Amino acid sequence: MKPPLFHPGQEVICINDDFTLLLVQNPNIQTPKRGPIYTVRGIYDTHRGYGITLAEINNADVAPGFPEANFHESRFAPVPPLEEIDIAEAIEESITV
């Protein structure tokens, strides 16, 4: 099996937030939405590949006696690293332009 796409602590964004089937099974589950940045909390090897839990969403108590809901890694993309910007250089460029 391929290694997981993400690791705990990595920032990701949700690219597929259609959780209709999951919410039919349990409407109390909190699901990620497109837009916000999330942090990977945990990785789970499931029968369908890797699932992740997110630091910003906690579903541990939603279904007592069952594992916490996790979300398939294919629904996420890594947040690209921000380039370091020299503030003084950026200000100088904006003044001279």
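What follows is a walk through the model, one selection at a time.

**Before you click**

This is a predicted model, so local features are described only where pLDDT is at least 70, side-chain atom pairs count only at pLDDT 80 or more, and totals for chains, interfaces and linings use all residues. Residues are numbered from 1 along each chain as its sequence is written, and side-chain values use heavy atoms, with hydrogens and water left out.

**Stop 1: the whole chain**

Colour the protein chain by secondary structure. Helices (H or I, at least four residues) and strands (E, at least two) are DSSP runs, numbered from the N terminus. Trace the protein chain along its sequence and the pattern reads β-α-β-β-β-β-α.

Now switch to a surface view. Of the 97 residues in the protein chain, 28% are buried. Here buried means under 20% relative accessible area, exposed means over 50%, and partly exposed is in between (1.4 Å probe, protein chains only).

How much of the contact in the protein chain joins residues at least 24 apart? Among contacts between residues at least 6 apart in sequence, the share is 55%. A contact means heavy atoms within 4.5 Å.

**Stop 2: the salt bridge**

Select Arg41 and Glu68 and show their side chains. In general, side chains of opposite charge can pair when their charged atoms come close. Arg41 and Glu68 form a salt bridge, with the closest N and O atoms 2.7 Å apart. The rule asks for a side-chain nitrogen of Lys or Arg within 4 Å of a carboxyl oxygen of Asp or Glu, and by this rule the count comes to one. Arg41 sits in strand E2 (residues 37–46) and Glu68 in the loop between E3 and E4, so the pair ties together parts that are 27 residues apart in sequence.

Leaving out residues up to four places away in sequence, Glu68 touches Arg41, Thr53, Ile57, Asn58, Asn59 and Ala60.

**Stop 3: the loop between H1 and E2**

Next, select Lys33, which is in the loop between H1 and E2. With a relative accessible area of 45%, Lys33 is partly exposed. Draw a line from the C-alpha atom of Lys33 to that of Asp17: they are 16 residues apart along the chain, yet 5.4 Å separates them. The side chain of Lys33 also makes a polar contact of 3.0 Å with the side chain of Thr31.

Click on Arg34, in the loop between H1 and E2 as well. Arg34 counts as exposed, at 55% relative accessibility. Where does the side chain of Arg34 reach? It gets to the backbone oxygen of Ile15, at 2.4 Å. Not counting residues up to four places away in sequence, Arg34 touches Cys14, Ile15, Asn16 and Asp17.

**Stop 4: Tyr50**

Now pick Tyr50, in strand E3. Tyr50 is buried, with a relative accessible area of 13%. Beyond its neighbours within four places in sequence, Tyr50 is in contact with several residues, among them Met1, Pro3, Ile43, Phe71 and His72. A polar atom of the Tyr50 side chain lies 3.3 Å from the backbone oxygen of Lys2.

**Stop 5: the largest pocket**

Finish by selecting Leu22, Gln25, Arg48, Ala69 and Asn70: of the 22 residues lining the largest pocket, these lie nearest its centre. Which elements each supply at least two residues of the lining? They are helix H1 (20–25), strand E3 (49–54) and strand E4 (71–72). The largest share, three residues, comes from H1.

Conventions
1 Å grid on protein atoms, 1.4 Å probe; cavity = no way out; pocket = protein on both sides within 12 Å on 5 of 7 lines; lining within 4 Å. Polar contact = N/O pair within 3.5 Å; in protein donor to acceptor, adjacent residues only side chain to side chain.
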